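Subject: Structure handover

Hello,

Here is the structure you are taking over. My notes on what was found in it follow below the entry.

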Amino acid sequence: MIITLIAVSFAVFVFSSFAEGDSSAYILSEDAGEDEIVAYRDSSGLSENTARRYLSFLSSFSRGDWGENISGQSIKETIGRRFPVSAVLASMSVMFSLLIAIPLSFASLKRGSLSDRIVTGFASLCASFPVFVLSLLLIIIFSLKLGVFPSSGLSRGFVSFILPSFSLGIVYSSLLIRMFRRKIREALDSPSGFYSRAAGLGYMETAFAVAVKPALPLLVTVIGESCAAIIGGTAVIETVFALPGLGSLLVKAALERDALLSGTIVLISAFAVGIISICCDIV
């Protein structure tokens with residue numbers, strides 16, 4: 001995990017150095033002279049080379065001193081306010097993925113059946129559907145037409161998370177459906193599944209008796225991979241739904257060329273993914 005965190009944070013700083021312009025274009029006015037620009041870059045450390053800035057960032061991050069963004073606000077306090085929003089969004093998205101994937105996987109176990117073809121088509125559609133397009137469609141239907149859920153912000157508290165998390169949950173449920181259903185079918189085709197059917201158990205009874213337990217480790221692994229993808233997908237969803245989370249903050253930091261804030265957010269996201277991976281391995 002330590003090697004991954006170092007590599008990820010270094011990549012952020014290296015790629016940000018290739019970006020055209022820096023944060024001075026967003027802080028100073030258009031009438032600022034060359035002397036003002038040079039003074040700002042010197043005071044904010046932008047005049048230093050990428051390697052020196054990166055080492056300074058690692059040193060400060062390891063001490064718990066995350067510094068300030070280009071607006072002068074504490075990065076630690078800003079992330080502390082926004083992290084719960086992203087955590088709730090990711091958790092609810094995983095919950096929706098499981099609520100969609102597990103019942104559909106059991107409903108389509110028989111190969112070639114109508115339910116199998118419908119669920120396969122649904123999973124393929126979800127896998128190929130851009131999450132932002134699905135989000136806009138859900139906003140049009142449930143917010144503008146029906147008025148059931150808010151279209152942006154957190155004005156209605158917990159209800160405001162339902163539509164964005166459902167959007168992510170639908171898209172990432174396709175992976176869970178394909179992997180979980182395949183593993184259950186492999187167990188049903190094994191000798192234990194054959195003998196259970198021969199002993200008189202029905203198809204669904206056999207699936208619960210001999211196929212669920214061998215499929216659980218794979219399910220946990222896929223859930224971990226989905227969590228990593230969902231954490232990345234929050235940037236799009238939070239931007240579409242105007243949610244004040246880490247994803248939208250990362251987009252804002254990237255547009256403002258704020259390498260320090262971007263690096264901190266990416267490092268925290270990578271750390272969260274690493275913790276989730278370790279927990280999945282333990283489970």
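Helices α10 and α11 are roughly perpendicular to each other, because their axes meet at an angle of about 90° and the range for that label is 65 to 115 degrees. The axes of α10 and α11 lie 7 Å apart. On the α10 side the contact is made by Thr234, Ala235, Glu238 and Thr239, and on the α11 side by Leu246, Gly247, Ser248 and Val251. By type, the residues of this contact are three nonpolar, four polar and one charged. Please keep in mind throughout that this is a predicted model.

Helix α11 (residues 246–255) also packs against helix α5 (residues 75–107), here at an angle of about 130° and with the axes 8 Å apart. From α5 the contact takes in Thr78, Ile79, Arg82, Phe83 and Ser86, and from α11 it takes in Leu246, Gly247, Ser248 and Leu249. The residues of the contact of α5 with α11 divide into four nonpolar, four polar and one charged. Leu246, Gly247 and Ser248 of α11 are listed in the contact with α10 and are listed again in the contact with α5.

As for the whole protein, it has 12 helices and zero strands, so the pattern along the sequence is written with α throughout: α-α-α-α-α-α-α-α-α-α-α-α. Of its 283 residues, 39% count as buried. Among contacts with a separation of 6 or more, 72% are between residues 24 or more positions apart.

Helix α7 (residues 131–145) has 15 residues and spans 20 Å from its first C-alpha to its last, close to the expected 21 Å. The helix α7 bends by about 30° at Ile139. Ile139 is also one of the buried residues of α7, together with Val131, Leu134, Ser135, Leu138 and Ser143. The cover over the buried residues of α7 includes α8 (162–188) and α10 (203–240). Just after α7, Gly147 has a positive phi of about 70°.

- Ser173 sits in helix α8. Is Ser173 buried or exposed? Ser173 is buried, because its relative accessible area is 0% and the cut-off is under 20%. Leaving aside residues up to four places away in sequence, Ser173 touches Ser97, Ile100, Ala101 and Phe122.
- Leu55 belongs to helix α4. With a relative accessible area of 56%, Leu55 is exposed, as the cut-off for that class is over 50%. The C-alpha atoms of Leu55 and Phe10 are separated by 9.2 Å, and these two residues are 45 residues apart along the chain.
- Gly64 lies in the loop between α4 (50–63) and α5. Gly64 counts as partly exposed because its relative accessibility is 24%, which is between the two cut-offs of 20% and 50%. Between the C-alpha atoms of Gly64 and Lys76 the separation is 8.5 Å, with the two residues 12 residues apart along the chain.

Regards

Terms used
Residues are numbered from 1 along each chain as its sequence is written. This is a predicted model: local features need pLDDT of at least 70, side-chain atom pairs count only at pLDDT 80 or more; totals for chains, interfaces and linings use all residues. Side-chain values use heavy atoms; hydrogens and water are left out. Axes are lines fitted to C-alpha atoms, for helices over the stretch in contact, and angles run from 0 to 180 degrees between N-to-C directions. Helices (H or I, at least four residues) and strands (E, at least two) are DSSP runs, numbered from the N terminus. Contact means heavy atoms within 4.5 Å. Ala, Val, Leu, Ile, Met, Phe, Trp, Tyr, Cys and Pro count as nonpolar, Asp, Glu, Lys and Arg as charged, and the others, Gly among them, as polar. The expected span of a helix is 1.5 Å times one less than its number of residues. The bend at a residue is the angle between axes fitted to the seven residues ending there and the seven starting there. Buried means under 20% relative accessible area, exposed over 50%, partly exposed in between (1.4 Å probe, protein chains only). Angles under 35 degrees count as roughly parallel, over 145 as roughly antiparallel, 65 to 115 as roughly perpendicular and the rest as oblique.
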